Amino acid sequence: MEAADTSGNRSRQYDEWKKRALLGPLPNDFLRLEDDNPQHQQEAADQQAALALQQIQMQQWKERHGTGKLSITIAQAKLVKNYGMTRMDPYVRLRVGHAVYETHTDTNGGKNPHWNKVVKCPLPPGVTQIYIEIYDECSFTLDELIAWGHIEIPPQVIQRGETHEDWYVLSGKQGDNQEGMINLVLSYSADTRPYIPPSPIMMVPSATMFGRVPYAPVNVYAAPPGAAVPTVNPSSLPHAEAELKLIAEMFPNLDKEVIKSVYDANGGKKDATINSLLQVCE
């Protein structure tokens, strides 16, 4: 009996193999019902537009927070000259990207000021240098700039998270790299916080969009049921290039591939694509 069952299974497997050999691989849309419902098509287009907005928000979030935190310990300095009639009161001002930070003033620090100030700041993408300035704090006149320097962030600090301590030469009134040195300790910690959108992105059509009472909001993170899947992307048609170029000029902050996806979801209708993008951006 068991042998008969095995023979029957092999026979069925052979029949299935013959069918696949004769028919060839089945297309991805095999047995898929085409949905021409404009409501479902609009939902799919709105989904693409909302995802485009989410992409912009993620990029803006990365630009604001950077990719991690740079820790800078401003320990001390050794300057070659004390400017003025009394001992100088030095403090440090440093710039990382567009952000500016300062230490406290080391009163009567003179040529050998100590601060031991720790500055923790976001490191924007592409920033590889910090700019240092040392000022003498004055009571009745403007603070006097004593020394300055551009300091390269060692690659191993960012790439491997190593702590790096060194003395860096300073330029000033005495000339380039002739004003003394400053002692810094640099370390870096990657930002592992997950991206969280400012608020859930929901697409809520107007009451007249489909000629009926508005339906419940559609969560764009889940594909709407029954969304139409075109067999030929409208963006590949000859006339689409000019329309996509025009739309891209209207939305310069959107990725071109995202615009193309929204265009395809709207069935190649330029005005509908623009309306979808405008609705989300507003």
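1. Ground rules. This is a predicted model, where local features need pLDDT of at least 70, side-chain atom pairs count only at pLDDT 80 or more, and totals for chains, interfaces and linings use all residues. Numbering starts from 1 along each chain as its sequence is written, and side-chain values use heavy atoms, with hydrogens and water left out.

2. Overall make-up. The protein has 6 helices and 10 strands, taken as DSSP runs numbered from the N terminus (helices are H or I with at least four residues, strands are E with at least two). Of its 282 residues, 35% are buried, meaning under 20% relative accessible area, with exposed being over 50% and partly exposed in between (1.4 Å probe, protein chains only). Looking at contacts (heavy atoms within 4.5 Å) with a separation of 6 or more, 63% join residues 24 or more positions apart.

3. The H4/H5 pair. The axes of helix H4 (residues 240–250) and helix H5 (residues 256–265) come within 10 Å and cross at roughly 120°. Those axes are lines fitted to C-alpha atoms over the stretch in contact, with angles running from 0 to 180 degrees between N-to-C directions. H4 and H5 are therefore oblique to each other, the class left over once under 35 degrees is called roughly parallel, over 145 roughly antiparallel and 65 to 115 roughly perpendicular.

4. What touches what there. From H4, Ala240, Glu243, Leu244, Ile247 and Ala248 meet Ile259, Lys260 and Tyr263 of H5. The contact residues split into 6 nonpolar, no polar and 2 charged; Ala, Val, Leu, Ile, Met, Phe, Trp, Tyr, Cys and Pro count as nonpolar, Asp, Glu, Lys and Arg as charged, and the others, Gly among them, as polar.

5. Two backbone angles to look at. Most residues other than glycine have a negative phi. Asn108, in the loop between strand S3 (99–102) and strand S4 (114–122), has a positive phi near 60°. Asn177, in strand S8 (residues 175–190), also has a positive phi, about 55°. Asn108 is partly exposed at 44% relative accessible area, and Asn177 is partly exposed at 48%.

6. Gly175. This residue is also found in strand S8 and is partly exposed, at 21% relative accessible area. Gly175 and Ala147 are 28 residues apart in sequence and 9.6 Å apart in space, C-alpha to C-alpha.
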